[in-house]
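Subject: Handing over a structure, with notes

Dear colleague,

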Amino acid sequence: MDDSATIAVVGASTAGLAAAGSLRARGFTGRLVMIGEERFRPYDRPPLSKQFLTGQWDSDRLALPGADAPDLDVDWRLGVGATGLDAASRTIGLADGSELRCDGIVLACGASARRLPGTLGVPGIHVLRTLDDAAALRRDLESGPGRVVVVGAGFVGCEVAATCRTRNIAVTLVDPLDVPLQRVFGAAVGAVFADLHRSAGVDVRTGVGVAGFDTDASGRVSRVRLDDGTAPEATVVVVGVGAVANTSWLEGSGLKIDDGIRCDPSCVAAPGIVAVGDVLRWQNPVFDESMRVEHWDHAFASGEHAAGSLLDPANAGPLATVPWFWSDQYDRKIQFAGRIAPGDDMVVVDGSLDEHRFVALFGRAGRLVGVLGMNRPRHVIGLRPRIAEGITFADALAVFA
Amino acid sequence: MKVTVDYDLCESNAICVGIDPETFEIRDDDVMYIIDEHPDASRRAKIEEAVRRCPKQALAIIEE
């Protein structure tokens, strides 16, 4: 594309910024427009549940340095969402009624926090996805709540529970499965997280669902009713029950929507259109699996890869990655590389679950598919490329023998 | 060039080690260290990638 071309990035996000930076680094000299529904330039989301929520950091610390780089030369359209797309003509409709016709489009529109029925607009009930979400929750935590009830013991829920304990706030953590993070890591590792949070004073209530929310006379949340008949007091509720890909605005666009934007292995959704980050669904050749990945590292990797696919589709290769993420809870650092599913074999190869410091390997059909470290970062990063190479489970175990 | 790490930011997530194990390493204490603060110019592309991909933006290249 020459310097008269226009590329629009929909989503002023980590993935969108990585794509934009990579387009410039690959020599794109045309007009680059970044469209963001939020009014902020791209910012770093992982600290929202950690340093920002504890009060250690203010929002100026969340800025991503690349967003202000002068050579990025971006025409920012912030505070205005995209409302529609015609893929054939590469025309984007914006919330202010304007249209933008493009030569190339990067779809980096991300995901939104899933909400529970009857919680929208109830004072005291929060989700945590955006800076505005985090700022509202932080204000409630700073007002000295009696008890925070966290609904959902996934990563957001677990990190919020840990942050609340760091602020010495009473917390109840509720999840319908038997242990926290069970869907991610299985029952044995999940039990470690239950233990970790209980040791820190969290009231962990697992195997129990939410039946509803009680409010006081002012309409503010006061209790969470659980389906075991109990109803813990709740000054503040945080709902962390996953995220939904932001694709509703793409209905009728001509793109294939299937829990994300279905792309070819090189992240191309249609001629001149790529998708990146949380909203990308593609066939990852490393696992021979169609996947959608919501991690920070993936935002970056897919953004840079898709920029290449957009500028030079004839030579675009597949995005072949081993997903990787981290989580911080109390003084534990959790890192994981791979792609695991219920029923995978799991072997602790270093340290032990009891001491909350270990490396665990996950295998499926004789192949290493995941490596998890708790306060053991070295082996996770060391084995990540070996997963991509297809190392057998036996060979991976032998590394630790 | 000189490669630096800000340990107030670094959390030893080790993404840099994965990108360039000749410049960055995790030692037995689980902390990330820079093996060679003055690497050869031939390593620049890898190190720039590590700087860009650091989840904490804790790495920097200082031109000398």
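Predicted model: local features only at pLDDT ≥ 70, side-chain atom pairs only at ≥ 80, totals over all residues.

Residues are numbered from 1 along each chain as its sequence is written, and chains are lettered from A and ligands numbered from 1 in the order in which they are written.

I begin with chain A, which is divided into domain 1 (6-112 + 244-315), domain 2 (115-241) and domain 3 (331-399), the bounds coming from an automatic or database domain assignment. The centres of domain 2 and domain 3 of chain A, taken over C-alpha atoms, are separated by 29 Å. Where these two domains touch, six residues come from domain 2 of chain A and seven residues from domain 3 of chain A, two residues being in contact if their C-beta atoms, placed from the backbone, lie within 7 Å. On the domain 2 side, helix α6 (residues 187-199) of chain A gives the most, with four residues; helices (H or I, at least four residues) and strands (E, at least two) are DSSP runs, numbered from the N terminus. By class, that side of domain 2 of chain A has five nonpolar, one polar and no charged residues, where Ala, Val, Leu, Ile, Met, Phe, Trp, Tyr, Cys and Pro count as nonpolar, Asp, Glu, Lys and Arg as charged, and the others, Gly among them, as polar.

Chain B has two helices and four strands, which follow the pattern β-α-β-β-α-β along the sequence. Its radius of gyration, taken over C-alpha atoms, is 10 Å, close to the 11 Å that the globule rule (2.2 Å times the number of residues to the power 0.38) gives for 64 residues, so chain B is as compact as a globular protein of that length. The contact between the chains takes twelve residues from chain B and 15 residues from chain A, and helix α1 (residues 15-19) of chain B gives the most to the chain B side, with three residues.

Next come the nonpolar cores, each a set of buried Ala, Val, Leu, Ile, Met, Phe, Trp, Tyr and Cys residues joined through C-beta atoms within 7 Å. A residue is buried if 20 or more other C-beta atoms lie within 10 Å of its own, exposed if 12 or fewer, and partly exposed in between. The largest core has 78 residues, and among those that touch the most other members are V238(A) and C16(B). Helix α4 (residues 155-166) of chain A supplies the largest share of this core, seven residues. A second, separate core of 48 residues includes W296(A) and F300(A).

Lastly, two residues deserve a look for their backbone angles. Most residues other than glycine have a negative phi. D259(A), however, has a positive phi of about 45° although it is not a glycine; D259(A) lies in the loop between β16 (243-245) and β17 (261-262) of chain A and counts as exposed because it has 12 C-beta neighbours inside 10 Å. A14(B), also not a glycine, has a positive phi of about 75°; A14(B) is in the loop between β1 (2-5) and α1 of chain B and is buried, with 27 other C-beta atoms within 10 Å.

With best wishes
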